[in-house]
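Thanks for making time. I will go through one structure this morning, and please have it open while I talk.

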Amino acid sequence: MDGGARTSTRDIARAAVRARLSQVAFDLFLREGFEKVTVGDLATAAGVSRSTFLRYFGSKEEAVLTAFDAHGRQVAAAVRDRPAAEDDWTALRRALDAVVGHYRSDPESALAMTRLVRETPALCARQLEKQHGWRPALAQALAERAGSARPVTVALTVRAAAALDCLNVALDHWTASDGRLDLEGLLDEAFAALGPDSRMVG
């Protein structure tokens with residue numbers, strides 16, 4: 001077995017352990033409440049030492065929010081794959097289907113996760129911080145999508161930020177409806193409110 005194969009196997013094993021620890025943390029937070037659970041409690045529930053748990057996650061927040069880590073990269077990649085002739089706003093909306101798909105595949109678990117994050121100030125703040133980090137990647141993806149070296153302008157950054165705000169507003173309404181409303185429809189509505197054909201009313 002060469003070094004690359006060993007590295008790949010090790011990475012796969014590490015990812016599997018992270019996923020298991022994250023699931024244990026999520027289940028415990030749902031049962032006991034985020035604020036009441038300590039890192040020691042999480043380690044005990046997972047059957048590992050506290051130091052082992054902290055090697056995989058630096059904080060309680062990260063144990064939950066690791067599930068969102070790939071979303072920003074996925075959306076940026078989806079933006080780059082959109083047709084060059086498509087306007088930026090449409091490209092951003094369609095690229096966010098990469099995120100919506102996660103909620104559609106397991107709506108019950110997604111709703112529980114979203115509610116936990118939204119109702120826990122520490123998790124909500126950390127998630128918004130993570131999304132803030134997605135913004136430059138989305139703006140860069142928009143700049144590269146046309147196939148030429150467009151600069152990352154203020155306008156592109158604003159569009160990226162507005163798209164993420166639309167996602168958050170749609171998720172807020174979806175969560176408030178206990179998942180009964182259609183998340184994709186809510187996201188369409190949010191984007192339409194800021195689209196070129198929108199009209200300010202009231």
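**Loop, annotations and helix packing**

I start with aspartate 178, which counts as partly exposed because its relative accessibility is 42%. This is a predicted model, so please read everything that follows as computed from that prediction. Aspartate 178 sits in the loop that connects helix H10, residues 154-176, to H11. Its phi is near 60°, a positive value, and the residue is not a glycine.

Helix H11, residues 183-194, packs with helix H7, residues 97-105. Their axes are 10 Å apart and the angle is about 150°. Since an angle over 145 degrees counts as roughly antiparallel, that is how H7 runs relative to H11. The crossing of H7 past H11 is right-handed. Which residues meet there? On the H7 side they are Asp97, Val100, Tyr103 and Arg104, and on the H11 side Leu183, Glu184 and Leu187. Sorted by class, this contact has four nonpolar residues, three charged and no polar ones.

Helix H6 covers residues 88-95, and H5 packs with H6 at about 135°, with 8 Å between the axes. That angle makes H5 oblique to H6. H5, too, passes its partner H6 in a right-handed crossing. Val75, Ala78 and Val79 are the H5 residues in this contact, and they meet Ala91, Leu92 and Ala95 of H6. By class, the contact of H5 with H6 has six nonpolar residues, with no polar and no charged ones.

Staying in H5, let us look at alanine 76. Helix H5 runs over residues 69-81, and alanine 76 is part of it. Is this residue buried or exposed? Alanine 76 is buried, because its relative accessible area is 5% and the cut-off for buried is under 20%. What does alanine 76 touch, once neighbours within four places in sequence are set aside? The contacts are Ala137, Leu138 and Ala141. There is also a C-alpha distance to give for this region: alanine 76 and arginine 135 are separated by 9.3 Å, and they are 59 residues apart along the chain.

The other buried position I want to show is leucine 65. Leucine 65 belongs to helix H4, residues 60-65. Its relative accessibility is 0%, so leucine 65 counts as buried. Not counting residues up to four places away in sequence, leucine 65 touches Val117, Leu123, Arg126, Gln127 and Lys130.

Last, the record. An unreviewed UniProt entry carries the annotation "domain: HTH tetR-type" over residues 15-75. In the model, that span is 75% helix and 0% strand, and its end C-alpha atoms are 21 Å apart. The unreviewed entry also annotates residues 38-57 as "DNA-binding region". How much of residues 38-57 is helix, and how much is strand? The span is 75% helix and 0% strand, with 13 Å between its end C-alpha atoms.

To go back over the two helix pairs: H7 is roughly antiparallel to H11, whereas H5 is oblique to H6. The H7 contact with H11 includes three charged residues, and the H5 contact with H6 has none.

Note on methods
Residues are numbered from 1 along each chain as its sequence is written. This is a predicted model: local features need pLDDT of at least 70, side-chain atom pairs count only at pLDDT 80 or more; totals for chains, interfaces and linings use all residues. Side-chain values use heavy atoms; hydrogens and water are left out. Axes are lines fitted to C-alpha atoms, for helices over the stretch in contact, and angles run from 0 to 180 degrees between N-to-C directions. Helices (H or I, at least four residues) and strands (E, at least two) are DSSP runs, numbered from the N terminus. Angles under 35 degrees count as roughly parallel, over 145 as roughly antiparallel, 65 to 115 as roughly perpendicular and the rest as oblique. A crossing is left-handed if the near helix is turned anticlockwise from the far one by less than a right angle, and right-handed if clockwise. Contact means heavy atoms within 4.5 Å. Ala, Val, Leu, Ile, Met, Phe, Trp, Tyr, Cys and Pro count as nonpolar, Asp, Glu, Lys and Arg as charged, and the others, Gly among them, as polar. Buried means under 20% relative accessible area, exposed over 50%, partly exposed in between (1.4 Å probe, protein chains only). UniProt positions are given in the numbering used here, feature names are shortened, and annotations may be inferred rather than shown by experiment.
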